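Subject: Structure handover

Hello,

Here is the structure we talked about. Please open it first, then read my notes below.

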Amino acid sequence: MRSDPPEIDFDLLLKLRLVIARYGEMDLAKWWNTREVLGRRGAVLFRRGFQTTHYFAQARVAFAVARSRCNELFSPPGCMTLWNLPPDVEDQFEECWQNWLDEAHAWDPFFDELANLQVTDLIQELSRFQLVNPSHAEAVSKLHRSAEGRSVPLPGIHVVNDEVLKLLAGGFALGQPGSPSIPYARLAE
């Protein structure tokens with residue numbers, strides 16, 4: 001018997017993925033091979049072909065590269081990462097794109113602020129965007145990189161929900177410049 005997918009704030013998931021994708025670009029943390037795709041240069045370039053929806057075209061490119069790089073580095077079976085959620089969740093996320101495109105201008109302030117992201121403290125940046133709070137920051141501070149440094153396990157078994165998504169995003173803070181550590185959580189069956 002199939003259960004209903006969990007309630008997830010897909011706007012939150014989009015924002016978390018955007019901040020991590022931008023933070024990981026070559027002009028910032030140097031985790032994946034994009035340079036300012038979600039920055040000012042990307043906006044200028046993509047605006048030429050996608051007048052009103054360029055931000056979301058930028059996001060698609062940045063997400064594809066970040067997902068590919070993270071899967072290349074660490075993709076454990078029976079687990080989820082920020083870029084590899086259960087299929088029903090990913091399907092729901094995809095269904096939201098048309099709504100986001102229909103309301104593209106409402107996202108302008110977020111994308112403008114995203115373009116100004118700095119390589120400082122990732123948790124601080126996520127907090128600035130009001131995506132995590134001090135309790136998330138404390139939980140992330142208790143996480144540790146794996147022995148080989150490629151991953152950051154969340155302790156326990158999890159279902160997909162907003163709190164886990166915030167920790168999966170925040171766990172990227174344990175990565176080093178040029179060397180991401182992929183946060184992951186074991187999925188409940």
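Start with Glu 113 and Arg 128. These two form a salt bridge, and their closest N and O atoms are 2.2 Å apart. Glu 113 sits in helix α5 (residues 108–115) and Arg 128 in helix α6 (residues 122–128), so the pair ties together parts that are 15 residues apart in sequence. Glu 113 is partly exposed, at 33% relative accessible area. Arg 128 is partly exposed too, at 37%. Keep in mind that this is a predicted model.

Why do such pairs form? Side chains of opposite charge can pair when their charged atoms come close.

How many salt bridges does the whole structure hold? A search finds ten. Two others deserve a look.

One of them joins Arg 17 and Glu 90, with 2.7 Å from N to O. Arg 17 belongs to helix α1 (residues 10–23) and Glu 90 to helix α4 (residues 87–102), so this bridge ties together parts that are 73 residues apart in sequence. Are these two residues buried or exposed? Arg 17 has 0% relative accessibility, so it counts as buried. Glu 90 has 14%, so it counts as buried as well.

The other links Lys 142 to Glu 138, and here the closest N and O atoms are 3.3 Å apart. Lys 142 is exposed, with a relative accessible area of 56%. Glu 138 is partly exposed, at 45%. Elsewhere, salt bridges that share partners join Arg 17, Arg 67 and Glu 90 into one network.

Next, the surface. Which residues gather in a patch of negative charge there? They are Asp 9, Asp 11, Asp 102 and Glu 103. Asp 9 lies in the segment before α1. Its relative accessible area is 38%, so Asp 9 is partly exposed.

Now go back to helix α5. Four of its residues are buried: Phe 110, Phe 111, Leu 114 and Ala 115. Why do they share a side of α5? They cover an arc of only 135 degrees around the axis, and that puts them on the same side of the helix. Turn the model until you look along α5, and check this for yourself.

Then find His 136. This residue is in helix α7 (residues 134–141). At 5% relative accessibility, His 136 counts as buried. How far is His 136 from Glu 163? They are 27 residues apart in sequence, and 8.2 Å apart in space from C-alpha to C-alpha.

Last, the backbone. Most residues other than glycine have a negative phi. Two residues here have a positive one.

- Lys 30 has a phi near 65 degrees. Its place is in the loop between α1 and α2 (40–47). Lys 30 is partly exposed, with a relative accessible area of 43%.
- Glu 36 has a phi of about 60 degrees, although it is not a glycine. Glu 36 also lies in the loop between α1 and α2. This residue is buried, at 16% relative accessible area.

Best wishes

Definitions and conventions
Residues are numbered from 1 along each chain as its sequence is written. This is a predicted model: local features need pLDDT of at least 70, side-chain atom pairs count only at pLDDT 80 or more; totals for chains, interfaces and linings use all residues. Side-chain values use heavy atoms; hydrogens and water are left out. A salt bridge is a side-chain nitrogen of Lys or Arg within 4 Å of a carboxyl oxygen of Asp or Glu. Helices (H or I, at least four residues) and strands (E, at least two) are DSSP runs, numbered from the N terminus. Buried means under 20% relative accessible area, exposed over 50%, partly exposed in between (1.4 Å probe, protein chains only). Patches are made of residues with over 30% relative accessible area and no salt bridge: like charges are joined within 9 Å, nonpolar side chains (Val, Leu, Ile, Met, Phe, Trp, Tyr) within 5 Å. Accessible areas come from the Shrake-Rupley method with a 1.4 Å probe; for residues, only the protein chains shown count as cover. Lys and Arg count as positive and Asp and Glu as negative; His and the chain ends are not counted. The place of a charge is taken as NZ of Lys, CZ of Arg, CG of Asp or CD of Glu. The arc is that of the directions from the helix axis to the C-beta atoms.
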